[in-house]
Amino acid sequence: MTSSDPIIRKVFGGPCDFRLGIADLYQLPPSQIPEIAFAGRSNVGKSSLINALMGRKIAHVSHTPGRTQQLNFFEVGEHFWLVDMPGYGYAKVSKKLKNNWNQVLRDYLKGRPNLRVVFLLIDSRHGLKDNDIEMMDMLDQAAVSYRIILTKSDEPKKSDLDSTKAQVEEKLIKHPAAFPESFPVSSWKKQGIEDLQRMILGLV
Ligand SMILES: Nc1nc2c(ncn2[C@@H]2O[C@H](COP(=O)(O)OP(=O)(O)O)[C@@H](O)[C@H]2O)c(=O)[nH]1
Ligand SMILES: [Mg+2]
């Protein structure tokens, strides 16, 4: 953790422990501490972003997407719980499994008053896909506030990144639970990471 801000160093550089992975909601721990969740398509760069935020490898970075079908909970000191949601949009997952998961997710999102925000990650090279819109609809229906993070912002040209950002924000107008602005980040170049850490501190 290289931030010059002592509070960021304390929170994001302090203890972060894997607490549990749950595949069913009866396993859900009680909701006392604020929760911050990360969602997005498989391969969007979610594990990399979580690792960049925490300044260490806590989430598995993989080239074979779609393996984890559970909600993974990490306890970040006494400050908040970080929830790694399973990546979606992986073609090899059966329809039945997908439906089961959607039900688990819906129940989680609806029944979690301490869930402060879902960061919904979108690949800045590809923009919004149909299953991202499905996820946004699910979040709107559960009335969980969410913010769009544009990942891998080191890849596209600036003009392309700007137009993707504008396109995404145009769509957000129709989504009541979405924060109207989107946030480009690069886990590789460490761009936008400290802003995101600060944003999280403002929410917990
Ligand atoms: N260019 C670029 N690639 C990234 C970045 N973050 C992740 N990736 C790559 O995207 C792929 C998927 O990353 P991963 O973090 O495993 O994504 P997840 O499946 O969403 O957890 C890997 O090949 C990463 O190296 C980034 O900031 N910039
Ligand atoms: Mg991952």
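1. Two residues are in contact if their C-beta atoms, placed from the backbone, lie within 7 Å. By that test, Ile7, Ile8, Val11 and Phe12 of helix α1 meet Glu194, Gln197 and Leu201 of helix α6. Helices (H or I, at least four residues) and strands (E, at least two) are DSSP runs, numbered from the N terminus.

2. The model is predicted: local features need pLDDT of at least 70, side-chain atom pairs count only at pLDDT 80 or more, and totals for chains, interfaces and linings use all residues. Residues are numbered from 1 along each chain as its sequence is written, while chains are lettered from A and ligands numbered from 1 in the order in which they are written.

3. Helix α1 (residues 6-13) packs on helix α6 (residues 193-203) at about 80°, axes 11 Å apart. Axes are lines fitted to C-alpha atoms, for helices over the stretch in contact, and angles run from 0 to 180 degrees between N-to-C directions. So α1 is roughly perpendicular to α6 (65 to 115 degrees).

4. Ligand 1 has 20 residues around it, the closest being Gly45, Lys46, Ser47, Ser48 and Ser187. A residue counts here if its C-beta atom, placed from the backbone, lies within 6 Å of the ligand. Helix α2 (residues 46-54) gives the most to this shell: three residues.

5. In the largest nonpolar core, of 45 residues, Phe38, Val83, Leu120 and Leu121 touch the most other members. Such a core is a set of buried Ala, Val, Leu, Ile, Met, Phe, Trp, Tyr and Cys residues joined through C-beta atoms within 7 Å; buried means 20 or more other C-beta atoms within 10 Å of the residue's own, with C-beta atoms placed from the backbone. Strand β5 (residues 115-123) supplies the largest share, seven residues.

Terms used. Parallel < 35°, antiparallel > 145°, perpendicular 65-115°, else oblique. Buried ≥ 20, exposed ≤ 12 C-beta atoms within 10 Å, placed from the backbone.
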